[in-house]
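Subject: Structure handover

Hello,

Here is the structure for you to look at. My notes on what was found follow below.

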Amino acid sequence: LFSRPTCAPCRVVKTWLTNKGIDFVEKPAEGAEYLAHAERYGSMVPLIIKGDSGISGLDFSRLNRLLEQ
């Protein structure tokens, strides 16, 4: 989960994942790793990566599909 400290949607996603008992690693939305993923999946935060898939932005239907993979 790439996020920024002032990102309200990032806080929403982190709370949602925590409430569902889903473990995640939070990383800052900056640097080479973020840029590589942002180029592939989009640069909006939160940027959520799972394996070889990812979504950019706050979209719970896409997030649910990603987590079901």
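First, a definition: a residue is buried under 20% relative accessible area, exposed over 50%, and partly exposed in between (1.4 Å probe, protein chains only). At 40% relative accessibility, L58 therefore counts as partly exposed.

Some ground rules. This is a predicted model, in which local features need pLDDT of at least 70, side-chain atom pairs count only at pLDDT 80 or more, and totals for chains, interfaces and linings use all residues. Residues are numbered from 1 along each chain as its sequence is written, and side-chain values use heavy atoms, with hydrogens and water left out.

Overall fold

The chain has three helices and four strands. Their order along the sequence is β-α-β-α-β-β-α. Helices (H or I, at least four residues) and strands (E, at least two) are DSSP runs, numbered from the N terminus. The radius of gyration is 11 Å, which agrees with the value near 11 Å for a compact globule of 69 residues. That radius is taken over C-alpha atoms, and the globule rule is 2.2 Å times the number of residues to the power 0.38. Along the principal axes, the C-alpha atoms fill a box of roughly 30 × 25 × 20 Å. Of the 69 residues, 33% are buried. Contact means heavy atoms within 4.5 Å. Among contacts between residues at least 6 apart in sequence, 43% join residues at least 24 apart.

L58 sits in the loop between β4 (53-56) and α3 (60-68). Leaving aside neighbours within four places in sequence, L58 is in contact with P9, V12, V13 and P46. The C-alpha atoms of L58 and P46 are 6.6 Å apart, with the two residues 12 apart along the chain. P46 itself belongs to the loop between α2 and β3. As a rule, most peptide bonds are trans.

Y34

Y34 lies in helix α2. Y34 counts as buried because its relative accessible area is 4%. Not counting residues up to four places away in sequence, Y34 touches F2, R4, P28, A29, S43, V45 and L47. The C-alpha atoms of Y34 and M44, 10 residues apart along the chain, are separated by 11 Å.

Disulfide

How many disulfides does a search of the whole structure find? The search finds one. A disulfide here is a pair of cysteine sulfur atoms within 2.5 Å. The pair is C7 and C10, with sulfur atoms 2.3 Å apart. The link of C7 and C10 is right-handed, with 80° about the S-S bond. Both C7 and C10 are buried.

Largest pocket

The largest pocket has a volume of about 200 Å³. Of its 14 lining residues, L1, F24, V25, I48 and I49 are the closest to the centre. The elements that give two or more residues to this lining are α2 (31-41) and β3 (47-50). β3 gives the most, with three residues. By type, the lining divides into nine nonpolar, one polar and four charged residues. For the terms: on a 1 Å grid over the protein atoms alone, a pocket is an open set of points where a 1.4 Å probe fits, with protein on both sides within 12 Å along at least five of seven lines; lining residues have an atom within 4 Å of a point. A volume is the space filled by probe spheres set on the points, which are joined across faces, edges and corners. Ala, Val, Leu, Ile, Met, Phe, Trp, Tyr, Cys and Pro count as nonpolar, Asp, Glu, Lys and Arg as charged, and the others, Gly among them, as polar.

Best regards
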